[in-house]
Every structure is written in structure tokens, then in C-alpha cells.
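Let's walk through this structure together, one question at a time. Keep the viewer open as you read.

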Amino acid sequence: MATDDEVLIAGAGLAGRLCAWRYARAGRRVRLFDAARRDDTRSASAVAAAMLSPLAELAVADAQVHALAQQAMALWPDWLLALQADSGRPVYFRRAGTLVVAHAADGGSLDHFERVLRHKLAPAEQHAIQRLDAAGIAAHEPALDSRFARGLLLAGEGQIANDELLAALARALDRFRVHWHQDEPVQQLHAGGLRTAQGEFRAPLVIDTRGLGARADWPGLRGVRGEILSVECDGIALQRPVRLMHPRYQLYVAPRPKQRFIVGATELESEDAGPPSLRSVLELGSALYSLHPAFAEARVLRIDAALRPALDDHRPQLRRHGGVWQLNGLYRHGYLCAPALVDQLLQETTT
């Protein structure tokens with residue numbers, strides 16, 4: 001039997017957990033359903049660098065994504081403080097900007113990147129792009145002293161440790177007594193309820209955040225393959241994420257606590273969810289080594305791949321369809337945009 005304050009959420013990735021947490025905080029009774037176990041580490045939310053980079057992403061995104069990212073950047077600090085109180089666990093969060101560099105031979109890629117950003121940014125935001133010479137790079141990142149002649153600092157950008165965030169959300173949901181139906185795929189959603197192999201569940205508010213699991217209900221949804229390399233390296237310290245420009249890809253290196261680094265670059269129009277290829281690993285490793293030779297001694301902790309749910313325009317979308325609220329298409333912008341969309345959903349369903 002449904003109750004007026006109950007919420008059913010299908011999908012326990014980043015968006016699903018954020019929704020469950022925010023509704024539980026608001027006093028709603030929440031049931032969360034997912035096809036995987038709660039300790040799954042192969043989801044798109046788990047295989048991510050979780051960089052909060054509204055400026056850097058604008059080079060490949062549009063104004064709508066940028067606006068969502070700016071809204072999310074304003075929400076993250078307060079949400080993380082509340083999450084720490086609710087879960088008893090701190091989440092690594094830094095907002096020291098992003099450094100963008102290029103080797104001399106790839107200087108044209110850096111110039112093109114800057115031109116695109118400045119063309120897309122409003123006049124009031126131009127100051128967030130700061131040009132750096134070799135001395136400026138060394139001042140911000142001593143480990144890269146004498147490695148690059150010039151670069152860009154994108155002020156205000158940040159990053160989150162996604163493994164800590166997902167764990168803290170799970171802990172908070174337990175404390176709020178959210179009923180987590182793990183390893184229980186949703187077979188059908190409709191206005192007023194959903195069905196799994198365990199039976200029919202009813203509630204006035206039904207939310208679908210299943211990513212690619214919602215493909216049957218959202219034509220055009222596709223998977224885009226992303227790959228990451230996680231390493232541990234005692235020989236180098238970075239203060240902020242670093243993006244290395246290259247004609248074929250942008251390598252990003254996101255530092256984490258305990259001398260860990262999340263490295264990524266590959267984005268493939270493929271729905272192959274298998275392990276990363278040798279070519280991808282070699283490209284990531286060689287680009288990382290070119291950033292600093294100390295990475296030659298890095299210990300590889302993890303190599304993984306996941307499919308990110310994407311729509312044709314690469315914009316995340318929130319819509320109400322057939323009586324069900326659907327939040328999907330987060331693509332590579334999950335951590336960048338999810339809080340804004342979840343906040344919008346709460347406003348739409350609580351007023």
C-alpha cells in the first residue's frame with residue numbers, strides 16, 4: 001500500500017543516491033532499487049574522475065550544461081557539509097582550480113582550447129581564465145617546475161573523491177532508514193508505482209535514474225565508453241587536477257588523498273563494456289609519463305571502463321514522462337551537473 005510521503009527511486013548510481021538522500025532529509029520515506037549490489041564498483045558513477053570543471057567542459061559542451069554546472073558548483077559545498085553530518089564521514093573536496101598545459105609541439109591545441117573557451121564565456125567570466133608562464137606554472141604546481149613553458153589556470157574548478165562520496169551517501173541512506181533493494185532490477189515503471197521480480201510497489205512519486213537501464217523507456221539513449229587508470233605515486237604531489245592537451249585527446253590527472261591519482265582521457269563511441277584495451281592503457285600511461293617522469297614508478301591500482309548514458313545532444317535531461325520523473329543522459333557531466341538536476345527535481349515535486 002502506498003503512503004502519501006513515499007518515494008520510489010529506480011537506479012542507485014550518483015543521481016539515484018543523491019535523490020534518495022535529499023528526499024530522506026526532507027522527511028520522505030524512500031525505497032531505492034538497483035540491478036546491482038550496493039558495493040558495485042563497475043558503474044559509471046564509480047568509474048569516474050569526478051572533476052568539477054564547468055570551464056574546461058565548456059570547450060566540448062554548450063551553455064545549458066555550463067549553467068547546470070554553475071548551479072551545481074554553488075550547491076556542492078553545503079551539500080557535502082550536510083552529508084558529512086548525516087553520514088559521519090568526510091568527503092575529499094577541493095576547489096583550487098584546474099591547470100591546463102601542453103608540450104611545446106602541442107601548443108596549437110592549447111591555443112585552440114583557450115579560443116573556444118573565451119568565445120563561449122560571458123564577459124563577466126573571462127577573468128576565470130588566467131594565462132601562466134613557466135614561473136607561474138611552477139608557483140602553482142612546484143612538481144611541474146621547468147616541465148612546461150606556458151599554461152592556463154581555470155579558477156574556481158574543483159574535484160570530489162567519488163568513492164568517498166558514494167560510500168558516504170550509502171551510509172547516510174542507512175541512517176535515514178532508506179529501504180535499499182539491491183540486486184533487484186526494475187522491470188517496469190508507471191505512474192504511481194513500479195514492478196520488480198519481487199512484486200508491485202506503489203507510491204505517488206516515482207523517479208527513474210537508471211542510466212542505460214532505462215533505454216527501453218527513453219529512445220535515443222546510448223552508452224559512451226569511458227576508461228580510467230588509478231595509480232599511486234609517492235614521487236610527485238599535485239595540488240589540483242591537471243589537463244594535458246594533445247591533438248587527439250585531453251589527458252586529465254586528478255590527485256586524490258594518499259598520493260593516488262585518477263587518470264583518464266579515452267572516450268569511445270562504443271557500447272563495449274569489457275575491460276580497457278592494451279592500446280588505451282599504453283596511451284594513458286605514456287601521456288602520464290610525459291607529464292612527469294616520476295610517474296614511471298607509479299603503482300597501478302585499478303584499470304577500468306564503464307558506459308556513460310548519453311543522449312544525442314549530450315545534455316543531461318530531467319523530464320516527466322508517463323507519470324514518472326526521469327533523470328538521465330548525464331554522459332561525462334554526472335558529478336558536474338547532478339546536484340542542480342536533483343535540486344530542480346525536489347523543487348518540482350515539493351511545491
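Helices (H or I, at least four residues) and strands (E, at least two) are DSSP runs, numbered from the N terminus. This is a predicted model, in which local features need pLDDT of at least 70, side-chain atom pairs count only at pLDDT 80 or more, and totals for chains, interfaces and linings use all residues. Residues are numbered from 1 along each chain as its sequence is written, and side-chain values use heavy atoms, with hydrogens and water left out.

Q: Is aspartate 106 buried, partly exposed or exposed?
A: Aspartate 106 lies in the loop between E5 and helix H4 (107-120). Setting aside neighbours within four places in sequence, aspartate 106 is in contact (heavy atoms within 4.5 Å) with Met245, His246 and Pro247. Buried means under 20% relative accessible area, exposed over 50%, and partly exposed in between, with a 1.4 Å probe and protein chains only. At 15% relative accessibility, aspartate 106 therefore counts as buried.

Q: How far is alanine 96 from proline 241 in space, C-alpha to C-alpha?
A: Alanine 96 is found in the loop between E4 and strand E5 (98-101), and its relative accessible area of 27% makes it partly exposed. Beyond its neighbours within four places in sequence, alanine 96 is in contact with Leu153, Glu157, Gln239 and Arg240. Alanine 96 and proline 241 are 145 residues apart in sequence, while in space their C-alpha atoms are separated by 8.5 Å.

Q: Are H3 and H6 parallel, perpendicular or oblique to each other?
A: Two packed helices are described by the angle between their axes and the distance between the axes. Axes are lines fitted to C-alpha atoms, for helices over the stretch in contact, and angles run from 0 to 180 degrees between N-to-C directions. Helix H3 (residues 63-87) and helix H6 (residues 162-175) pack at about 55°, their axes 8 Å apart. Angles under 35 degrees count as roughly parallel, over 145 as roughly antiparallel, 65 to 115 as roughly perpendicular and the rest as oblique, so H3 and H6 are oblique.

Q: How many nonpolar residues does the contact of H3 with H6 have?
A: The contact is made by Trp76, Leu80, Leu83, Ala85, Asp86 and Ser87 of H3, and by Leu165, Ala168, Leu169, Arg171, Ala172 and Arg175 of H6. Ala, Val, Leu, Ile, Met, Phe, Trp, Tyr, Cys and Pro count as nonpolar, Asp, Glu, Lys and Arg as charged, and the others, Gly among them, as polar. The contact of H3 with H6 has 1 polar and 3 charged residues, and its nonpolar residues number 8.

Q: Is the crossing of H1 and H8 left-handed or right-handed?
A: Helix H1 (residues 14-25) and helix H8 (residues 334-350) pack at about 40°, with axes 10 Å apart, which makes H1 oblique to H8. A crossing is left-handed if the near helix is turned anticlockwise from the far one by less than a right angle, and right-handed if clockwise. The crossing of H1 and H8 is right-handed.

Q: Which residue is the bridge partner of leucine 189 in E11?
A: Strand E10 (residues 186-190) and strand E11 (residues 193-196) run antiparallel, joined by 4 bridges. Their hairpin has 2 residues between the strands, and glycine 192 takes a positive phi near 90° there. The bridge partner of leucine 189 in E11 is leucine 194.

Q: What is the phi of lysine 258 near?
A: Most residues other than glycine have a negative phi, and most peptide bonds are trans. Lysine 258 lies in the loop between strand E16 (251-256) and strand E17 (260-268), and is exposed with a relative accessible area of 74%. Lysine 258 is a residue other than glycine with a positive phi, near 65°.

Notes. Pairing = 2+ DSSP bridges.
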